Amino acid sequence: VESRITSELIECINFSAIKHKDQRRKDPEETPYINHPIGVAFILTNEAKITDLNVIKAAVLHDTVEDTETTLDEIEQIFGQRVRDIVNEVTDDKYLPKEERKQLQIIHAPGCSREAKLVKLADKLYNLRDLERSTPMGWSDLRVQEYFEWSKKVVEGLRGTNSALEAELDKLFAKRLNVN
Ligand code: NDP
Ligand code: ZN
C-alpha cells in the first residue's frame with residue numbers, strides 16, 4: 001500500500017513539474033512555479049493534517065488546467081474522476097474577464113465540496129504568505145491590500161472546513177486588515 005501511494009504521488013508531482021516547467025512566480029526572485037503547488041500540498045499534509053490522497057493530488061495539480069495546456073480529461077485519465085472533479089472546482093474560467101472571475105470565486109466558494117474547499121484554503125494561505133514575504137514586481141501597496149481584502153471574502157465562504165488553516169488565515173487577515 002505504501003509503495004503504491006508513494007509512486008502515485010511522485011507521478012503526480014512529476015506531471016505537474018513538467019506542465020509548469022517554463023513558469024515562474026511573480027515574486028522578485030522569480031521562484032519556479034512548481035514551488036507553489038508543492039507548497040500548497042505540504043500545507044495540507046503538514047498543517048491541515050489531511051491524508052486523503054485525492055485532495056493531496058488535486059493540490060499538486062490545482063493550477064495545471066488554469067495556467068497550462070493541461071485538460072481535465074487528461075487529469076481524469078491519469079489520476080481518476082475524483083481528482084478531476086476537485087481540480088475542476090478550483091479552476092477559474094479563463095475566458096471570463098478577471099474581475100468577473102474574482103467575483104465568481106467569492107460567489108462559488110460556499111457551494112464547493114469539502115475537498116475543493118481544503119485546496120482553496122491552502123492555496124489562499126500560500127499566496128498570502130508569499131505576499132507577506134515579498135511584494136511581486138510592479139505591485140503597489142494598494143494592490144497587495146486589495147488582494148488581502150478579496151481573499152478574505154473568498155475565505156468567508158470556505159469556513160468550517162479546517163480550523164488550523166482558518167486560524168492561520170485569520171492571523172494574516174488580522175495583521176493586514178487590522179480586524180478580527
Ligand atoms: P493577480 O491575479 O494578477 O495575481 C495574484 C495571483 O498570482 C495569485 O492569486 C496567485 O495565483 C499568483 N501568484 C504568482 N506569484 C505570486 C506571489 N509571489 N504572491 C502571490 N500570488 C502569486 O492579482 P489580482 O488581479 O488579484 O490583483 C490583486 C488586487 O489588486 C485585485 O483585487 C484588484 O482589485 C487589484 N488590481 C490592481 C491593479 C493595479 O494595477 N493597481 C491591476 C489589477 C488588479 P495562483 O495560485 O493561481 O498562482
Ligand atoms: Zn494556486
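Which element gives the largest share of the shell around ligand 1, and how many residues come from it?

Author: The largest share comes from helix 8, which contributes four residues to the shell around ligand 1; a residue is counted as near a molecule if one of its heavy atoms lies within 4 Å of it, and helices (H or I, at least four residues) as well as strands (E, at least two) are DSSP runs numbered from the N terminus. Before going further, please note that this is a predicted model, in which local features need pLDDT of at least 70 and side-chain atom pairs count only at pLDDT 80 or more, while totals for chains, interfaces and linings use all residues. Residues are numbered from 1 along each chain as its sequence is written, chains are lettered from A and ligands numbered from 1 in the order in which they are written, and side-chain values use heavy atoms, with hydrogens and water left out.

In total, 17 residues surround ligand 1, and the closest are Lys 26, Tyr 33, Lys 98, Lys 102 and Tyr 147. The space that ligand 1 takes up is the largest pocket. On a 1 Å grid over the protein atoms alone, a pocket is an open set of points with protein on both sides within 12 Å along at least five of seven lines, whereas a cavity is a set of points where a 1.4 Å probe fits but cannot get out, and lining residues have an atom within 4 Å of a point. A molecule is said to sit in a cavity or pocket if more than half of its atoms lie within 2 Å of its grid points. The elements that give two or more residues to the shell around ligand 1 are helix 7 (98–108), helix 8 and helix 9 (141–156).

Turning to individual atoms, an oxygen atom of ligand 1 lies 2.9 Å from an N or O atom in the side chain of Arg 25, and an oxygen atom of ligand 1 is 3.3 Å from an N or O atom in the side chain of Asp 63. On the nitrogen side, a nitrogen atom of ligand 1 is 3.4 Å from an N or O atom in the side chain of Asp 130. A polar contact is a pair of N or O atoms within 3.5 Å; within protein, one must be able to donate a hydrogen and the other to accept it, and residues adjacent in sequence count only if both atoms are side-chain atoms. Taken alone, ligand 1 exposes 900 Å², of which the protein buries 76%, where accessible areas come from the Shrake-Rupley method with a 1.4 Å probe and, for residues, only the protein chains shown count as cover.

Thr 68 counts as buried because its relative accessibility is 7%. A polar atom of the Thr 68 side chain lies 2.5 Å from the backbone oxygen of Thr 64, and the Thr 68 side chain also makes a polar contact with the side chain of Thr 70 (2.7 Å).

Glu 30, in the loop between helix 1 (2–19) and helix 2, has a positive phi of about 50 degrees although it is not a glycine, and Glu 30 is partly exposed, with a relative accessible area of 48%. Lys 49, in the loop between helix 2 and helix 3 (53–61), has a positive phi near 60 degrees and is likewise a residue other than glycine; at 61% relative accessibility, Lys 49 counts as exposed.

Methods. Buried < 20%, exposed > 50% of the residue type's maximum accessible area, 1.4 Å probe, protein only.
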